[in-house]
Amino acid sequence: MSKPRTWPAHVILAAGALVMLAPFAWQLIVSLQTLPDSLRVPPKFTPSWQWSNFVDVFRSVPLGRQFLNTVVVTAAVTAGQLLLCSLAAFAFARLRFPGRGILFMAFLAVLMVPGELFLIPRYEIMMGLGWLNTLQALIAPGVFGAFGTFLLRQFFMSLPKELDEAASIDGANPWQIYWHILLPLVRPGLLALGLLTVMWSWSSLLWPLVVNTDPEMMTLSAGLASLRGQFLTNYPILFAGSLVASLPVIVLFVVMQRQLIAGIAFTGSKG
């Protein structure tokens, strides 16, 4: 039983949880309404049980192909982030080389630059490579990031230096130290970065919407954005598609939220 002094905090947290859940509840209600009901003023807060909206969304856009595209892109980007960011983090945390501090500060400075500034240069690069309307155009820019490098560097720095010294005495080279000894020990950080990357890649909208205009090569977020009409939008179908697209990430977060919170919280424990 909770202490009497903690009930105000529980009330505040419960109210915050209801506020956070309200958009999802409204999304579910509208996805089950007819178009006239969704446009009513004042709004109708009960569903019309229009289950056909979930069928119509597959007829409006190639949702199955876009779902597959999203899975492929998310898996490739996550794998690239885990490998490349962990390699860079290992180098910054455990290796000694000239300019290491300055280079790491430059990495951190990238975090303060809005991603929209890279939009045109990235598009020109993809166009020069002939990668427009391809999955590699969605994968390549996201396989490495400064945030992932910073996150994993904190984990590598928390490990005792004696591990490196003992492995070196046994004849291990830096790659063997990274792959066989240190990498398994930073598993919480890899899980946290993997989950963050999955959620970011799955919901990414601006870059997929710009670089791929073919509906067959779009991801879910870009494909659903194409359902918005110039003069009228069928909100029940749009919300039904959004609900289908968001369910995998919601389930993943609910299952792995403890590991995500633990991994993020750990980054501040070692400077």
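Visitor: How much space lies in the largest pocket?

Guide: Happy to start there. This is a predicted model, so local features need pLDDT of at least 70 and side-chain atom pairs count only at pLDDT 80 or more, while totals for chains, interfaces and linings use all residues. Residues are numbered from 1 along each chain as its sequence is written, and side-chain values use heavy atoms, with hydrogens and water left out. Rolling a probe the size of a water molecule over the atoms shows where empty space is left. Here a pocket is an open set of points on a 1 Å grid over the protein atoms alone, where a 1.4 Å probe fits, with protein on both sides within 12 Å along at least five of seven lines; lining residues have an atom within 4 Å of a point. Volume is the space filled by probe spheres set on the points, which are joined across faces, edges and corners. The largest pocket holds about 920 Å³.

Visitor: Which residues are closest to its centre?

Guide: Arg122, Pro141, Gly142, Phe144 and Trp200, out of 31 lining residues. Helices are DSSP runs (H or I, at least four residues), numbered from the N terminus. H11 (187-203) is among those supplying at least two lining residues, and H11 gives the most, with 5.

Visitor: What classes of residue make up the lining of the largest pocket?

Guide: Ala, Val, Leu, Ile, Met, Phe, Trp, Tyr, Cys and Pro count as nonpolar, Asp, Glu, Lys and Arg as charged, and the others, Gly among them, as polar. The lining has 20 nonpolar, 9 polar and 2 charged residues.

Visitor: At what angle do H4 and H8 pack?

Guide: Axes are lines fitted to C-alpha atoms over the stretch in contact, and angles run from 0 to 180 degrees between N-to-C directions. H4 and H8 pack at about 50°, with axes 8 Å apart. That makes H4 oblique to H8; under 35 degrees counts as roughly parallel, over 145 as roughly antiparallel, 65 to 115 as roughly perpendicular and the rest as oblique. Their contact (heavy atoms within 4.5 Å) includes Leu82 and Phe90 of H4 and Leu152 and Phe156 of H8.

Visitor: And how do H8 and H11 cross?

Guide: Their axes come within 9 Å and cross at roughly 160°, so the two helices, H8 and H11, are roughly antiparallel to each other. Leu151 and Phe155 of H8 and Leu193 and Leu196 of H11 are among the contact residues. By class, the contact of H8 with H11 has 9 nonpolar, 2 polar and no charged residues.
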